[in-house]
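Hello,

Here is the structure for you to look over.

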Amino acid sequence: MCGIVGYLGEREVVPLLIDGLRKMEYRGYDSAGVVVVRDHALAAVKAEGKLDRLVERLAQHPLHGLYGLGHTRWATHGAPSERNAHPVLDSRRRLALIHNGIIENFLELKRRLIGEGFTFSSDTDTEVVANLISSYLDGDLHAAVERARRELEGLYAFAVVSAESPEGEIIAVRQGPPLILGRGQEGRNEQFLASDPAALLAYTRDVVFLENGDLARLRRGSIEIWDKGGQPIERPTQRLNWDPIQAEKGGYKHFMLKEIHEQPQALQDTFGGRVDFETGEIHFDTLHLDRPTAAGLSRIHVLACGTSWHAALIGKFMIEELARLPVEVDYGSEYRYRDPIVDSSVLALGVSQSGETADTLSAMEAAKERGARLFAICNVLGSQATRISEGVVYTHAGPEIGVASTKAFTTQLVAFYQFALYLRQMRGMALEPAHLQALAHLPQAVTQALEQEQHLEEMARRHFRAENFLYLGRGINYPIALEGALKLKEISYIHAEGYPAGEMKHGPIALIDEHLPVVAIATGARVFDKVKSNMQEVKARDGKVIALTDRDPADLGVQVDEVIRVPRVHELLQPIVNVVPLQLLAYFIGLRRGADVDQPRNLAKSVTVE
Ligand code: AGP
């Protein structure tokens, strides 16, 4: 979704805004803009497209001042254009506003405001908020925003500045998408705000996560917060444990490639400190389930979207096998509309890298309202998913900047494995040493899989012109076929489909010919023979088989066209190793096709609207 940033202090504001927007550009890159308040005048510069276009425009029209706002947009209402770019000013040019989210009742408000003489120069829902606040502005921006927000429906986070404010102030409101405030360091008289902690890391580690319904006023010497009832309230200041370097490319050409290579360490960081190899026990410091509750659970509902949903499908295998608990996996966007059967014996588990995906959050809320115990697997400290849950298994992947999820996915799988072992333990079943040993070997196995990089770059050179791809997997690797296909779609815009290998003969086999590359995941013991016959079915129709396998090609028992070798690990952890070459294949094919692999078209890192 959009990225919003604000600063108020003693430093030149524009370089800080641009730096913050650069850190959040993965959230949306349809247009960008900044506004600066100086001598009670508003000055804004905007540009369609990537942030660099705005930087060029600012070089021609430099702005100076000590406080202002910045925005990078992912279009929902109003096509990507300069006319619809933020900051948006009210038609009387008294204030400027930046917004992330959707105002659901903007049309009826717009009609009323037009009746009051306001005019509109964009197609955005955002301009309605600017004019609505302006309609109430009578020297007190806080009071005007307080009145206006009571009339807004939808999920939104916005910040506003006014030329009429006696002293520098920024007013910000959160109702849904994230909004974080940053406190100046070492006696610096400054305040920050942003949609994402990564945008603030270079300036402060002391942040305040606003809750839904909060309204904040930032002034040089203070941060004041009011709750949804308009009552003053204190919110805790938290210290961020990420270092700014993590949010840089570290010498890699793209964040995606850097994050693919960070997986061995991210996996180690995610299970390290939770597995007591001495006692053979699993411990979580941010989640606790007592034994009676664990024993009393009837089922688990896992709720997620996109790549996190693929992780959930694999989590189902792990939990059902290790903890013998039935698991239902639902798309966040579908769950509450199917009226699920939930009671207090159900554990609902929301899975989200960002912790801000609106569809997943609304499904989590729906399960909680129906009485389920709510937990989360999440990568972002302080995000909404972690705040509405009674326990969290954090994936310690660090900031994931590339829009295509890679290290967050594999750390979600290792988090699921640990959670499944924890449930097993709390339900009175012993953990076998092999279960824990399997974890210890994982980072090394992934490092080995990464050594295929050059081989996959060459493979990409042979296949980047393909118009379609088919990925086949069985059992616990069917979701890896889905994930491999999703990565290729996201990064290269090639149409790709992941399919259960056994299902191919019931339809997709009609697609097979010499032009369709078919990636078949043939690892492990449980279903290998079945996948072998599925590869033979493809070869029988002159299809091109790329076998991803943990065996010597000579032992495959079928003549395939190309092979991707991966090391063998525990069957339940094999998907983590198997997905790595598929991430690299998608990366190199996307690169060959000239796609923007870190910021693919039409996508956004966390989708904070339904
Ligand atoms: C994956 O590469 C995509 N970025 C997308 O499918 C993503 O997984 C989905 O939007 C869910 O995001 P979340 O994990 O932050 O909730």
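Helices α7 and α13 are roughly parallel to each other (angles under 35 degrees count as such), because their axes cross at roughly 30°. Those axes belong to α7, residues 263–271, and α13, residues 407–426, and come within 9 Å.

On the α7 side, the contact (heavy atoms within 4.5 Å) uses Gln 263, Ala 266, Leu 267, Thr 270 and Phe 271. On the α13 side are Lys 407, Thr 410, Thr 411, Val 414, Ala 415 and Gln 418.

This is a predicted model: local features need pLDDT of at least 70, side-chain atom pairs count only at pLDDT 80 or more, and totals for chains, interfaces and linings use all residues. Residues are numbered from 1 along each chain as its sequence is written, and side-chain values use heavy atoms, without hydrogens or water.

Now the sheet. Five strands form an open sheet, ordered β18-β17-β19-β20-β21, with parallel pairing (at least two DSSP bridges between two strands). β18 (327–331) and β21 (391–394) are at the edges with a single partner strand each, so one side of each has no neighbour in the sheet. Neighbouring strands are turned by 20° against each other on average, direction ignored.

β17 (residues 299–304) is joined to β18 by five bridges. One pairs Val 302 with Val 329 of β18.

Helix α11 (residues 358–369) packs on the sheet and touches β17, β19 and β20. Its direction makes about 155° with that of β17. α13 lies across β17, β19, β20 and β21, at about 160° to β19.

Best wishes

Methods:
Axes fitted to C-alpha atoms, helices over the stretch in contact; angles between N-to-C directions. Helix = DSSP H or I, 4+ residues; strand = E, 2+ residues; numbered from the N terminus. Parallel < 35°, antiparallel > 145°, perpendicular 65-115°, else oblique.
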